[in-house]
Amino acid sequence: MFLAIKELKHSKLKFSLLTTIIFLVTFLVLFITGLANGLANEGKSAISTTDIQSFVLQKNSNNRISRSNLTNDDIKKINNDNLVPLTINQRTIQKNGDKNNKVDISFFTIDFDSFLKPEINKGNNITNSTKKQVVVSQKLADDGYKIGDDIIDTNTKSKFEIAGFTDDKSYSHTPVVYLNSTEGESISQQPGTINTLVSKKNINDVKGYTVVDKATIIQNIPGYSEEQGSLLMMISFLYAISIVVLGVFFYIITLEKTPQLGTLKAIGASTRYLANNLLSQVVVITGLSLIISNIFILGMKMILPASMPFSLDLPILLLTDSLFIIIAVVSTIISLIKISKVDPVSAIGGN
Amino acid sequence: MNALELKNITKTYSDGNEQIEVLKDINLTVKPGEFVAIVGPSGAGKSTFLTMAGALLQPTEGSIKLSNQEITSMNNKDLTNIRLEKIGFIFQNSELIPYLTAQDQLNIVSKMNHVADYKKRNQNLLAEVGLNDQLNKYPSQLSGGQKQRVAIARSLVNDPVLILADEPTASLDSKRGRQVVQMLQTISHEQNKSVVMVTHDERVLDLVDKIYQIEDGALSAN
């Protein structure tokens, strides 16, 4: 550490520039990770935040809720007390009397006596016997909707009053509107049927139907896996680019120091001692860059508009940070090889 | 006990199919407190001689003993330790580390030797070479002569058995060059250290105890 710290202190400009570059790269990685998470939540939060373990779907529905259709006969046949119905209808709504502002939403028809009943942040919850009232995602509040507003389903012209708001529940990038089964019938295209039966417990295979877990359902939410795939690709490339960029930087710095490394080896420094010095330098610089970029990311999180969903929880932030430290250490491999190859004899005979 | 003992040292390099004998059957003993100069034209094998005596390279044949310890059979790791513990180097262009202050140039050696409470002692070493006002100066702030004096102080940090100086006057004018060699003489005689200096600066040869000549890889007393 002695050499590492002395050198950092002496070559402030060089190492500040390096810190800046690593800061920018880590910031970009954290930012895209946050956006990917934000988009993922927009796609799945209405499903992922529930306690659902298993979904029973119609056969051949390709693990998509919207492609599954269960009739009353099906429900009788499946006959499992742990299961509760869930129907999703993706529609467009408008405020009563305002035809110009339409919003795409997802109607979730649920049993309000079941575990699917949403928690309310503001206003009142509804029950299975409530008439003409719905509970909606906080996201609709960002679009200017308030408690007591009337919303109209543009397909069926059914009208509902907003009774309360849940937190940011969304499905396939649309805010969720929860309604009970009676009101669900009024917007359904196939009244008397439901999409799926869900359970808090793991359900064994049901003959004649498909049983899948939550992760599979989420992967098959329209657009979800494609979108996450692209973002994951970007993040992976950023990591790969980081390894190369940092590797080149550290290598150039090491090359520049080769004569000194030869001298140090001649006066008795072991390769391990010099390698540890480089590694501690790398960890210090990367750590510093990460601290700065974490502060920036937290600031960014506060100022980003709701239209740019951003989510970076502490575990993911820490995971990304530690991954980057590993990346930085990996990038020094070529430099470490170089250090091991520096010949102490080079110090003799002048230059 | 001899500080340095070279017996029948031969070093050959292969250049294509040819074997080049850089050092031929060299014998040399240096006693504690002895100041020895090795002179010779460039290409005669002075540098190669220094790398052997300095435990940087192993000879092709022969034996090298450093305070009676045979080093010719050692691996690289042990040689590194020998250099760290027993040898002090003074290089041609002083070769100080650019980002260390004068006293840190010495402290790093103490650190590598895992010595505690080195600070005061190293400051004294710098004071002995007349640099007590330059303790916190970086090499870029020191003159050539001052740098070479830091290098001398650095070579003493590990209390070495042997000090090897590679053309220590090469980058200095005659006055400062002579001061540096006088300093080496004082260290050798007063601290009972063996100093071997490779040089082609004939103006300082009156300060040494023995002069050896290397020519075409063979060593002879002058």
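In strand β3 of chain A, A:Val103 stands opposite A:Ile93. This is a predicted model, in which local features need pLDDT of at least 70, side-chain atom pairs count only at pLDDT 80 or more, and totals for chains, interfaces and linings use all residues. Residues are numbered from 1 along each chain as its sequence is written, chains are lettered from A and ligands numbered from 1 in the order in which they are written, and side-chain values use heavy atoms, with hydrogens and water left out.

The strands around this pair come next. β2(A) is joined to strand β3 (residues 98-110) of chain A by 10 bridges, and the two run antiparallel; strands are DSSP runs of E with at least two residues, helices are runs of H or I with at least four, and both are numbered from the N terminus. Two strands count as paired if DSSP finds at least two bridges between them. β2(A) and β3(A) form a hairpin with two residues between them, and A:Gly97 in the turn has a positive phi of about 80°. Three bridges also link β2(A) to strand β6 (residues 150-153) of chain A in the antiparallel sense, with A:Gln94 opposite A:Ile152. A further three bridges connect β2(A) with strand β10 (residues 196-199) of chain A, again antiparallel; here the partner of A:Leu86 is A:Thr196.

Most residues other than glycine have a negative phi. A:Asn60, however, has a positive phi near 65°. A:Asn60 is found in the loop between β1 (54-58) and α3 (72-78) of chain A, and is exposed, with a relative accessible area of 73%. Exposed means over 50% relative accessible area, buried under 20% and partly exposed in between, for a 1.4 Å probe and protein chains only. A:Asn79 likewise has a positive phi, of about 40°. A:Asn79 lies in the loop between α3 and β2 (84-95) of chain A and counts as exposed at 60% relative accessibility.

Helix α1 (residues 2-10) and helix α2 (residues 12-48) of chain A have axes that come within 5 Å and cross at roughly 95°; axes are lines fitted to C-alpha atoms, for helices over the stretch in contact, and angles run from 0 to 180 degrees between N-to-C directions. That makes α1(A) roughly perpendicular to α2(A), a label given to angles of 65 to 115 degrees. A:Glu7, A:Leu8, A:Lys9 and A:His10 in α1(A) meet A:Lys12, A:Lys14 and A:Phe15 in α2(A), where contact means heavy atoms within 4.5 Å. In helix α5 (residues 181-187) of chain A lies A:Ser186, which counts as partly exposed at 29% relative accessibility. A:Ser186 touches A:Thr156, A:Ser158 and A:Phe160, not counting residues up to four places away in sequence. The C-alpha atoms of A:Ser186 and A:Thr156 are separated by 7.6 Å, although the residues are 30 apart along the chain. Helix α8 (residues 258-266) of chain A has eight of its nine residues buried, so it is largely enclosed by the rest of the structure. Just after α8(A), A:Gly268 takes a positive phi of about 110°.

Chain B contains two open sheets to follow. One has six strands in the order β6-β7-β8-β3-β9-β10, with mixed pairing. Its edge strands are β6 (87-90) and β10 (218-221) of chain B, each pairing on one side only. Within this sheet, strand β7 (residues 162-166) and strand β8 (residues 194-199) of chain B run parallel and are joined by five bridges; B:Leu164 has B:Val196 as its bridge partner. Helix α5 (residues 144-156) of chain B lies across β6 and β7 of chain B, running at about 170° to β6(B). The other sheet has four strands in the order β2-β1-β4-β5, with antiparallel pairing. β2 (18-30) and β5 (69-70) of chain B stand at its edges, each with a single partner strand, so one side of each is left without a neighbour in the sheet.

A nonpolar core is a set of buried Ala, Val, Leu, Ile, Met, Phe, Trp, Tyr and Cys residues joined through side-chain atoms within 4.5 Å. The largest has 106 residues, and those with the most contacts inside it include B:Ile38, B:Phe49 and B:Val196. Helix α7 (residues 224-256) of chain A gives the largest share of this core, seven residues. A second, separate core of 26 residues includes A:Ile52, A:Phe55, A:Val84 and A:Phe108.

Note on methods
Parallel < 35°, antiparallel > 145°, perpendicular 65-115°, else oblique.
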